[in-house]
Amino acid sequence: MRRDIAAWLAAAIADAESRGLPELKPLLETLARSTEALRDADEEFGHPALSHGDEAPGGATTP
Amino acid sequence: MTIAAPGSLVEAARLIERREVSPVELTRACLDRIAAENDALRAFITVMTDRALADAARAEKDIARGRYLGPLHGMPVSVKDLVDIAGTPTTSGSAVPPRHPQHDAPVVSRLRAAGAVIVGKTNLHEFAYGTTSDETAFGAVRNPHDRSRSAGGSSAGAAVAVVERMCYASVGTDTGGSIRIPSAACGITGLKPTHGEISADGVVPLSATFDHVGPMARTVTDTALMFQAMLDAEANLSRVPAADGPFWLGIPTAYFFDKLDEDVARLFADAKARLEGAGHSISEVTIAHVERTPDVYLHVMLPEASWYHEPLLRDHAEKYSRGVRLRLEMGRAVTAEDYVRAIHARSVLVRAVDRALEGIDALVLPALAVAAPPLGASTVEIGGRSEPVRAMMLRLTQLFNVTGHPAIAIPCGTGHDGLPRSLQLVGHRGGTERLLALASAVEAQITGGPGSVGGGAG
């Protein structure tokens, strides 16, 4: 897991436990995996700071 | 008084117009069905007996005087208890203190203007935040086809009410599939229009970016009439668009067909063969980035839901169902940066679905990957693998909440387990009426006529 997400996850779990919600841990772990996948897709989704400005994302599609 | 209940809204409307059935008789028949079955099925939270009978009597008098308003006039319908009706609490299926609205939601006002008789407010997964409707303060909604199973969700009571002839159509809401999932689980028709087409004012939000309001009924024509009335209070059979096929349909095979139960796959293949046999052209299409759908959905829906509920959680956290509360708490952990990232990705997915629809009339795919799961189940078996129920229930529908394209679920047969299966048609944004026309033709070709699947479980 990316370091920024691991740190965020650890903080979120600690907060949940301090508020008496330990059952939140597996949900937060699922969310962390999803967040990592979304961040990893920045280029695929044409993040404006990463795009080369030559192609609109969205993909093509009928074969 | 007991009457032979007409099978569809259209049939009932014709009988009312010809004054062969009175709105009061029809309303009483629905109220009798509710009285007989609601304790077991938990379809309704509030039954509006006195108001419904008074409205039906007024409709009867007006029709007798020649003031017939159209097919919804005197028609018993129900409204999901997430939608405001003046003078009736909006519970949202929760033990959290309800709203006490002074005004009808616009969609309710339009139905009343079209002459509809509202018999009550239907049960749902608490705050529409779930797909199984077993987390509700008013008792788990049970599937009429097998009472040990979920009726889907979140608009489960709405679907059960239609199947059980407790009303002729229902108002539902759909944020990730909450109209189409219970429609599929119970064997009726459910339409999620284009995003924003029907006002969501006066509706308790789950995620404003993805929330849709739409009709549920026994047939596509019934659904189309409800849609018209919900849109502008002007339901008219002559306005129900006719199909002028053959059609070009696209099957988005990647992702959507990766995890299906055997009966869903078999009945979809049967439906495809019938459509091809009827002369429609069907080809495979791909939707770019489709496998990212759950991640995009989650990072928009979770924080939007948590934002609405934050003040309520502050004062009433212990009154929420445990699962709903945990999902709301989870949403508070999504960062603003990731929310904006998902909103950006959403715009890309909108274009991807637009491109998949270029040159064709609609996408066609199953509506629900599995049969209605047992109540309380957290996993289902698909292809020998255990999968989370929530993810499987949302898998085929949530993309079109992300993109706002209109989508309709239609029954396509019954599995070996005796439970309904359903297919989904997805149209062009702004093309809901065209989608309904196409759906009407598809319904006739795959079921042999409207209403032949999923009817009367009780």
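Predicted model: local features only at pLDDT ≥ 70, side-chain atom pairs only at ≥ 80, totals over all residues.
Residues are numbered from 1 along each chain as its sequence is written, and chains are lettered from A in the order in which they are written. Local features need pLDDT of at least 70, side-chain atom pairs count only at pLDDT 80 or more, totals for chains, interfaces and linings use all residues, and side-chain values use heavy atoms, leaving out hydrogens and water.

**View 1. Confidence in the model.** pLDDT is the predictor's confidence in each residue, from 0 to 100. Chain B averages 95. In chain B, 97% of the residues score at least 70. Residues 451-458 of chain B stay under 50. The complex gets an ipTM of 0.91 and a pTM of 0.95.

**View 2. Where chain B meets chain A.** Here 33 residues of chain B contact 29 residues of chain A; contact means heavy atoms within 4.5 Å. Five salt bridges cross the interface. A salt bridge puts a side-chain nitrogen of Lys or Arg within 4 Å of a carboxyl oxygen of Asp or Glu. α12(B) brings the largest share of chain B's side, eleven residues. Helices are DSSP runs (H or I, at least four residues), strands likewise (E, at least two), numbered from the N terminus.

**View 3. Salt bridges between the chains.** Side chains of opposite charge can pair when their charged atoms come close. A:Glu23 pairs with B:Arg322 at 2.6 Å, N to O. B:Glu329 pairs with A:Arg19, with the closest N and O atoms 3.0 Å apart. This pair runs from helix α11 of chain B to the loop between α1 and α2 of chain A. B:Glu329 is buried at 3% relative accessible area, while A:Arg19 is partly exposed at 35%. Buried means under 20%, exposed over 50%, partly exposed in between (1.4 Å probe, protein chains only).

**View 4. A link within chain B.** B:Glu135 and B:Arg327 form a salt bridge at 2.9 Å, N to O. B:Glu135 sits in the loop between β3 and β4, and B:Arg327 in helix α11, so the pair ties together parts 192 residues apart in sequence. B:Arg327 is buried, at 12% relative accessibility.

**View 5. B:Ser150 and its surroundings.** B:Ser150 belongs to strand β5 of chain B. Its relative accessibility is 1%, so B:Ser150 counts as buried. A polar atom of its side chain lies 2.9 Å from the backbone oxygen of B:Thr132. Beyond four places in sequence, B:Ser150 touches several residues, among them B:Val141, B:Asn143 and B:Leu375.

Notes: Polar contact = N/O pair within 3.5 Å; in protein donor to acceptor, adjacent residues only side chain to side chain.
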